[in-house]
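Here's a quick briefing to read alongside the model.

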Amino acid sequence: MSNFKKEIIEWIKTIVISFILAMIITTFIRPTLVKGYSMYPTLEENDYLLINRMAYRSDEPQRGDIVVFKSHIPGDDGKEKDLVKRVIGISGDKIEIVNGIVYVNNEELIEDYINGDYTEGYVNVVVPDGYVFVLGDNRPNSMDSRHDSVGFVSMDEVVGKVFIRLYPFNKIQLIK
């Protein structure tokens, strides 16, 4: 076999293996870019994140998880926006927001990760089965479960759990 044919076969192998690896990786992981400041100070605009798309295939979400989900809010391009928020309540949890304080199952939620110390609005709900209640960390500037346009988030709409910030490089970290 000529060198040219060997080189062509090697190129084809490399392309096929690369394609297979890309398909496997994108099945489990999805990148996303943060748009807006609703998760400040935890995440900032233009942070580049990786999402574990398989996180909730066998496990349930936990309070405190940061998730990406499909919203019904149209973006600038007319498509429904993906939102990044923190899970505050899971199926069956009673969520109350009274006088700026968030309560989960009648216990005050200690939130050292939020911007400020006050959560606007009045909420008194129980999270239905198959749904989560989410809030942004920047409560004054977050479209989240407190608003009718978002409301409870169906687990069918959750794209995955954020697990790493890749950019900016000086802030690379695992997200818990």
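A quick term first: a pocket here is an open set of grid points with protein on both sides within 12 Å along at least five of seven lines, and its lining residues have an atom within 4 Å of a point. Keep in mind that this is a predicted model. With that in hand, the largest pocket has 24 lining residues.

**The largest pocket**
- The space inside the largest pocket comes to about 630 Å³.
- Nearest the centre of the largest pocket you'll find Lys-35, Gly-36, Lys-81, Asp-82 and Leu-83.
- Strand 1 (29-33), strand 3 (66-74) and strand 4 (80-89) each put at least two residues into the lining.
- Strand 4 gives the largest share of that lining, with six residues.
- Sorted by class, the lining has nine nonpolar, nine charged and six polar residues.

- Four strands make an open, antiparallel sheet, in the order 7-6-5-8.
- Strand 7 (107-108) and strand 8 (123-126) sit at the edges with a single partner strand each, so one side of each has no neighbour in the sheet.
- Strand 5 (residues 94-98) and strand 8 run antiparallel and are joined by four bridges.
- Ile-95, for one, has Val-125 in strand 8 as its bridge partner.

**Thr-42 and its surroundings**
- Thr-42 belongs to the loop between strand 1 and strand 2 (48-52).
- The side chains of Thr-42 and Arg-86 make a polar contact of 3.4 Å.
- Setting aside neighbours within four places in sequence, Thr-42 touches Ile-66, Arg-86, Tyr-113, Asp-137 and Arg-165.

Notes
Residues are numbered from 1 along each chain as its sequence is written. This is a predicted model: local features need pLDDT of at least 70, side-chain atom pairs count only at pLDDT 80 or more; totals for chains, interfaces and linings use all residues. Side-chain values use heavy atoms; hydrogens and water are left out. On a 1 Å grid over the protein atoms alone, a cavity is a set of points where a 1.4 Å probe fits but cannot get out, and a pocket is an open set with protein on both sides within 12 Å along at least five of seven lines; lining residues have an atom within 4 Å of a point. Grid points are joined across faces, edges and corners, and a volume is the space filled by probe spheres set on the points. Ala, Val, Leu, Ile, Met, Phe, Trp, Tyr, Cys and Pro count as nonpolar, Asp, Glu, Lys and Arg as charged, and the others, Gly among them, as polar. Two strands pair if DSSP finds at least two bridges between them. A polar contact is a pair of N or O atoms within 3.5 Å; within protein, one must be able to donate a hydrogen and the other to accept it, and residues adjacent in sequence count only if both atoms are side-chain atoms. Contact means heavy atoms within 4.5 Å.
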